[in-house]
Amino acid sequence: MRYYIVVYDVNEKRVVKVHRVLRAYLQWRQRSVFEGYLSDDELAELIRKLDSIINESEDSVVFYSLPNDKIVRSFHIGAPPDRFENVL
Amino acid sequence: MKRASAMKYPLFITQHGELRRESNALIFSGELVKRPIPLAQINEIHCLARVSLTSGAIDLLSEKGIPVHFYTTRGDYKGPFINDASPRGKLHLSQAEHYLNPEKRLYLAKEIVEGIQNTMAFVLSRWGVNPVKLNSVTVDGESVEEIMGKEAELWSHFYRYFGEAIEVDDFRRTRRPPEDEVNALISYANAVTYGLAFSSSVKAGLDPSIGFLHAVNDRRHSLPLDLADIFKPLYVFSTVKAMLKTNGLKSSDFSKKGKAVYLSREGKRKLLSALTDTLRRTVYYKPWKRSMSYRFMMDYEARRLKRHLLGRGKYKAFRPWWR
């Protein structure tokens, strides 16, 4: 189980598709950024799903892999990004 | 069986709404918010309001093995939806055998109460209380009834120490209904802890209807009652104490109905997010060379109980190993 920050840059035509796949797995942070813990199985599954959507010559999805979320220090300027809420 | 997921969140839903499948993701649409639920980030769902599930949502949740628990709006446990189709006949039989054999049941009941005592003493000493009276109780007896008597004695000591720690003069535990704000918090958190314990029991493959300290009865599952009691000091009382200390509570977080005091929706939200913070705390566990979350300790306890029932190890009561 590792913590991933996923950012993507894909052709406009596929932005919605990629967003839909990612939101089923990770917390949405802002426009093209997702974060969260994934097991190896979940990661493989996610990569497989993304692979079938993206066009390899134009699109790219970057995974930053971290041992946990405690080592991430972040700050923001402008509007605050979405936080993951587990109490709805 | 899936690997333990220490870092995942429980999802608490405190508004009426619906969970459904939409373009292969789980979506919650409620009175106040509509949100996709990232299924890889959560390990269980607690519906504390009227939430309906579509068959698509049930499909997704059972595929991922995520249990869903339903409560009344007041926080009484109603029941779970858990996809649990694997045969566990052998384990269930030995669970029943350990209940029916007086000696075997007595051993487990004693260990469970010792676990309760351990967590109580740990939590209190963390608050700077030296629980002399609590520690002087020796958990021993000839019958399960005697052991339950010891448990009652432990709780009455614990409530007194707890009252001192939160600086409330003659704190008294009241339930059905809770008669003040602190009791309302405790009751609600207790109910959720019962739901957590239900998850842990079923995840370990145990039959929740057969407990060892609590006798089998037709109204409540007794194994979650056993497990919940061990972790209540850690989950419930640490959380409530922390909430009272930060004093983020307002009178609008509660609603009064005659003598009874209940939590309002905002109060529930505050309590549940404080409880989440507690459950997600981690401590280093040396034998595994990695950290374990508070939430996972209960799962692990259920697994150790299972090992004992199958004769693969001797169950020893939970004892907090860190300071």
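Biologist: Why are α3(B) and α9(B) called roughly antiparallel?

Modeller: Helix α3 (residues 102–126) of chain B and helix α9 (residues 294–309) of chain B pack at an angle of about 160°. Angles under 35 degrees count as roughly parallel, over 145 as roughly antiparallel, 65 to 115 as roughly perpendicular and the rest as oblique. The two helices are therefore roughly antiparallel to each other. Their axes, by the way, are 13 Å apart. Do keep in mind that this is a predicted model, where local features need pLDDT of at least 70, side-chain atom pairs count only at pLDDT 80 or more, and totals for chains, interfaces and linings use all residues. Residues are numbered from 1 along each chain as its sequence is written, chains are lettered from A and ligands numbered from 1 in the order in which they are written, and side-chain values use heavy atoms, with hydrogens and water left out.

Biologist: Which residues of α3(B) and α9(B) meet?

Modeller: On the α3(B) side they are B:Tyr107, B:Leu108 and B:Arg126, and on the α9(B) side B:Tyr294, B:Leu305, B:His308 and B:Leu309. Contact means heavy atoms within 4.5 Å. These residues divide into five nonpolar, one polar and one charged.

Biologist: What makes α2(B) roughly perpendicular to α9(B)?

Modeller: Again, the angle. Helix α2 (residues 89–100) of chain B packs against α9(B) at about 85°, with the axes 9 Å apart. That value makes α2(B) roughly perpendicular to α9(B). Here B:Leu91, B:Ser94, B:Gln95 and B:His98 of α2(B) touch B:Lys306, B:His308 and B:Leu309 of α9(B). The tally for this contact is two nonpolar, four polar and one charged.

Biologist: Why does B:Lys289 count as exposed?

Modeller: Buried means under 20% relative accessible area, exposed over 50%, and partly exposed in between (1.4 Å probe, protein chains only). B:Lys289 has 67% relative accessibility, so it counts as exposed. This lysine lies in the loop between β11 (282–285) and β12 (290–293) of chain B, and its phi is positive, near 55°.

Biologist: And why is B:Asn24 called partly exposed?

Modeller: Its relative accessible area is 45%, so B:Asn24 is partly exposed. You will find B:Asn24 in the loop between β2 (17–22) and β3 (25–30) of chain B. Phi of B:Asn24 is near 65°, a positive value in a residue other than glycine.

Biologist: What is the general rule for phi?

Modeller: Most residues other than glycine have a negative phi.

Methods:
Axes fitted to C-alpha atoms, helices over the stretch in contact; angles between N-to-C directions. Helix = DSSP H or I, 4+ residues; strand = E, 2+ residues; numbered from the N terminus. Nonpolar A, V, L, I, M, F, W, Y, C, P; charged D, E, K, R; others polar.
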